[in-house]
Amino acid sequence: MFEIHYCEYNRTNSDCDRIYRPQGSGDYLFLLLKTPMKFRMDGKITILRENACILYTPGVCQDYQAVRKFRNSYMHFSTDLALEKKYPIPENRPFYPADVSAIDDLLKEIQREYLEKAPYYQEKIRLLTESLILLISRFLNHPAPSSPQDATLLQTFQALRLEMLESCQEDWSIDRLLARCSMGKSQFYRYYRLFFHTTPKAELMAARMDKARILLTNRALQVQQVARLCGFPSIQHFTRYFRRQFGCSPGQFQHRERQP
């Protein structure tokens, strides 16, 4: 559970302004820098670039100063969660997430909820704050591509992957996938594993099995219809994959689900 004590989006202070709290602020402080700043940590001065982030824990000294212009987004909050265990975010040291715009958008929404105090705003803030922490963790566990070309390629692969999983009943042959990316088979598989740590076939079959499991609970559908709706022209092929995934045949699963 999260409780917001204060939040500001795109805050501008005086040039070269300094924040100095020797004993911390008594709560967590999450910072997103919009301008370069000097941080004093462990007896050293480090200049952090724009888009750097830092999560201060309660009781830790906060000492930073703008190199010139001072602009940031930030949030003071408390939580009863063990953040370092649930979400592996670096604490009291800087890091650079892959997409600061998404983080900044969430901070903007948190600030709006905090100021407007519409009905259920506290519940909304808790959800937004955990979404923010989760998003940061996701970025840190999936580092940004090393080049602009790889970043563009990642977007292409993400769009193609989402289309495939949304329409898993369609025929997603390797030739169709290769044509969409304009590359050879070995290169395609290499990038797919790099970006998603699995293969397109494994993800496609998992999506089809998830869909089949739900469709089989519909008493108006027969097993053959479910197989077709999930992209399996062969009932034998469908049964083999289903048994491998769930340990029983589609018919057995359907019979069990239809028991009163």
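1. In which sense do β2 and strand β7 (residues 62-66) pair, and over how many bridges? They pair in the antiparallel sense, over 4 bridges, and within this pairing Arg18 has Gln65 in β7 as its bridge partner. Strands here are DSSP runs of E of at least two residues, numbered from the N terminus, and two strands pair if DSSP finds at least two bridges between them.

2. The model is a predicted one, in which local features need pLDDT of at least 70, side-chain atom pairs count only at pLDDT 80 or more, and totals for chains, interfaces and linings use all residues. Residues are numbered from 1 along each chain as its sequence is written, and side-chain values use heavy atoms, with hydrogens and water left out.

3. An open sheet is formed by 4 strands in the order β2-β7-β4-β5, with antiparallel pairing. Its edge strands, each of which pairs on one side only, are β2 (18-21) and β5 (44-48). Neighbouring strands of this sheet are turned by 20° against each other on average, direction ignored, the axes being lines fitted to C-alpha atoms and the angles running from 0 to 180 degrees between N-to-C directions.

4. Strand β6 (residues 53-56) pairs with β3 (residues 28-33) in the antiparallel sense over 4 bridges, and Phe30 stands opposite Leu55 of β6. In a regular strand, side chains alternate between the two faces of the sheet. Both faces of β6 are covered, since Cys53 and Leu55 on one side and Ile54 and Tyr56 on the other are all buried (under 20% relative accessible area, 1.4 Å probe, protein chains only).

Terms used
Buried < 20%, exposed > 50% of the residue type's maximum accessible area, 1.4 Å probe, protein only.
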